[in-house]
Amino acid sequence: MSADKRAVPVAYLDHGATSWPKPQPVIDAVVRALTELGGNPGRGAYAMALDASRAIFEARRACAQLLGVADSRDLLFQSGCTAGCNLMLKGTLKPGDRVVVGSMEHNAVARPLAHLARLGIEIAVVKADRTGLIDPDDVERAVRQEPTRAVVCQHASNLTGTIQLVGDLADIAHEHGAIMLVDGAQGVGHLEVDIAALGVDAYAASGHKGMLGPQGVGLLYLAPGLEADVQIEGGTGAGGSESLEMPAERPDRYEAGTANTPGIVGLGAAAGFLAGEGAAQRDLEADLARRLHEGILGIEGFRVLGPPPGVPRVPIVSAVHERVDGDRIAFVLDRTYGIAARAGLHCAPWAHDTVGTFECGAVRFGVGWGTTGAHIELALRALHEIVSS
Amino acid sequence: MSVREPRTFAIFGFATTHTALAAEQLLKDLGVPVTPIPAPKSLGGALCGIALRIDPLDAERAELLLERADLSPRARGEIEDV
């Protein structure tokens with residue numbers, strides 16, 4: 001089969017964008033949702049609607065258990081991490097508020113903040129170092145300067161793999177009367193995330209990246225007592241349909257409209273899968289990412305963004321070559337070798353600007369479930385051949 | 001085929017489907033039989049969604065158990081059913 005007809009890559013290394021393949025329990029759960037759970041969850045008391053409602057209920061509990069959320073009603077299903085970030089930011093910040101945010105944020109945070117800035121919210125950006133790490137001392141200095149409503153930071157970078165010190169940042173925020181809001185898109189699954197232990201006030205998570213669920217579903221944790229303004233209003237099915245106000249109770253307050261049952265049920269299965277296999281998977285990913293990182297550093301002309309080998313990172317390895325552009329590398333990786341990797345700015349212009357790659361971009365490899373040592377060896381051989389030719 | 005006489009059941013209505021299902025699971029786990037039913041108008045207001053039907057002899061204990069678990073019903077009523 002010619003390269004441009006090959007839909008399935010030989011080596012899928014774009015887990016930073018989305019995970020593939022999916023574990024069989026996730027596939028089975030989605031198929032079951034589509035074949036057996038046909039009723040509209042929360043919209044009827046007949047058996048098939050109840051079964052759908054129960055499946056979503058169980059999925060929420062499985063996700064809450066995985067993430068250390070005591071009351072699963074505080075864990076909201078969203079259409080993705082981006083939707084969760086929008087609700088988290090636009091729901092809790094008001095004109096006149098001041099926000100301290102790290103410079104490594106993805107556009108899922110940067111763009112809503114840019115919108116909020118136009119509404120009169122002050123944005124103070126704390127620049128990360130060249131490895132992508134936000135120094136908590138810098139955040140404390142910024143928070144101390146003026147009254148601050150919120151500290152906003154990612155859990156891990158989608159460009160450099162850098163793991164931010166979110167728990168420390170939450171402590172700093174709370175010491176100064178601010179709330180801590182986290183974009184965890186690259187965190188859950190690749191990191192063991194205990195939201196209660198982190199002490200954050202809100203945490204948005206992707207369902208389809210490290211969590212290994214289907215696309216089109218994500219999570220938002222809102223701490224008890226943290227009220228966010230509703231962003232989407234509509235039907236919720238249960239008690240209170242006579243009112244034109246959204247219900248006060250979670251999760252319905254933030255989940256208007258028919259739920260994405262296949263996505264949510266698949267995500268619940270993924271949470272169950274990670275509860276059993278997650279620790280071993282994280283160890284494997286870390287080892288493969290380290291081999292890839294060290295291997296790229298061994299090829300002349302490459303530099304790898306982010307922390308040096310030996311410093312923990314989520315399994316993302318982005319590289320820049322001194323002579324061959326990242327887009328060219330990604331194209332040849334795909335067409336000649338069947339390797340899926342992503343070039344460009346990765347929807348993270350702030351992060352690229354921070355680490356000095358805004359003008360050239362980078363080629364990014366994301367390791368995850370299904371990645372093997374053979375994939376890493378193939379990628380390293382391909383990179384060597386591409387820049388040597 | 002025998003015909004059962006209608007009798008009175010207690011019914012609990014909840015603010016959300018999630019709370020109703022959590023209450024159903026809790027009560028069943030603790031040996032209190034409950035049946036989800038379409039929320040009737042007798043619960044007050046134009047409630048939609050589901051309610052839990054329960055033997056009136058179990059209602060007081062059930063409500064106590066639900067209160068302890070932060071799953072208290074938002075509305076209470078009675079219904080004639082078979």
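Tutor: Let's take the cysteines, then the interface, then one arginine.

Student: Before that, what should I know about the model and the numbering?

Tutor: This is a predicted model, where local features need pLDDT of at least 70 and side-chain atom pairs count only at pLDDT 80 or more, while totals for chains, interfaces and linings use all residues. Residues are numbered from 1 along each chain as its sequence is written, chains are lettered from A and ligands numbered from 1 in the order in which they are written, and side-chain values use heavy atoms, with hydrogens and water left out.

Student: How many disulfides does a search of the whole structure find?

Tutor: A disulfide is a pair of cysteine sulfur atoms within 2.5 Å. Over all chains, the search finds zero. Take Cys85(A): the nearest cysteine sulfur belongs to Cys81(A) and is 4.1 Å away. For Cys347(A), the nearest one is also that of Cys81(A), 13 Å away.

Student: Is Cys85(A) buried or exposed?

Tutor: Buried means under 20% relative accessible area, exposed over 50%, and partly exposed in between (1.4 Å probe, protein chains only). Cys85(A) counts as buried because its relative accessibility is 0%. Cys347(A), at 37%, counts as partly exposed.

Student: On to the interface. How much area do chain A and chain B bury between them?

Tutor: The size of an interface is often given as the accessible area lost when the parts come together. Here buried area is that loss (1.4 Å probe), summed over both parts. Chain A and chain B bury about 1,800 Å², with 56% of it on carbon and sulfur atoms. With contact meaning heavy atoms within 4.5 Å, 23 residues of chain A meet 22 residues of chain B.

Student: How many salt bridges does the rule find across that interface?

Tutor: The rule wants a side-chain nitrogen of Lys or Arg within 4 Å of a carboxyl oxygen of Asp or Glu. It finds two between chain A and chain B. One of them pairs Arg54(A) with Glu24(B), whose closest N and O atoms are 2.6 Å apart.

Student: And what surrounds Arg98(A)?

Tutor: Arg98(A) is buried, with a relative accessible area of 5%. Leaving out residues up to four places away in sequence, Arg98(A) touches several residues, including Glu122(A), Ala142(A), Pro147(A) and Arg149(A). A polar contact is a pair of N or O atoms within 3.5 Å; within protein, one must be able to donate a hydrogen and the other to accept it, and residues adjacent in sequence count only if both atoms are side-chain atoms. One such contact, of 3.4 Å, joins the side chains of Arg98(A) and Glu122(A).

Definitions and conventions
Buried area = accessible area lost by both parts, 1.4 Å probe.
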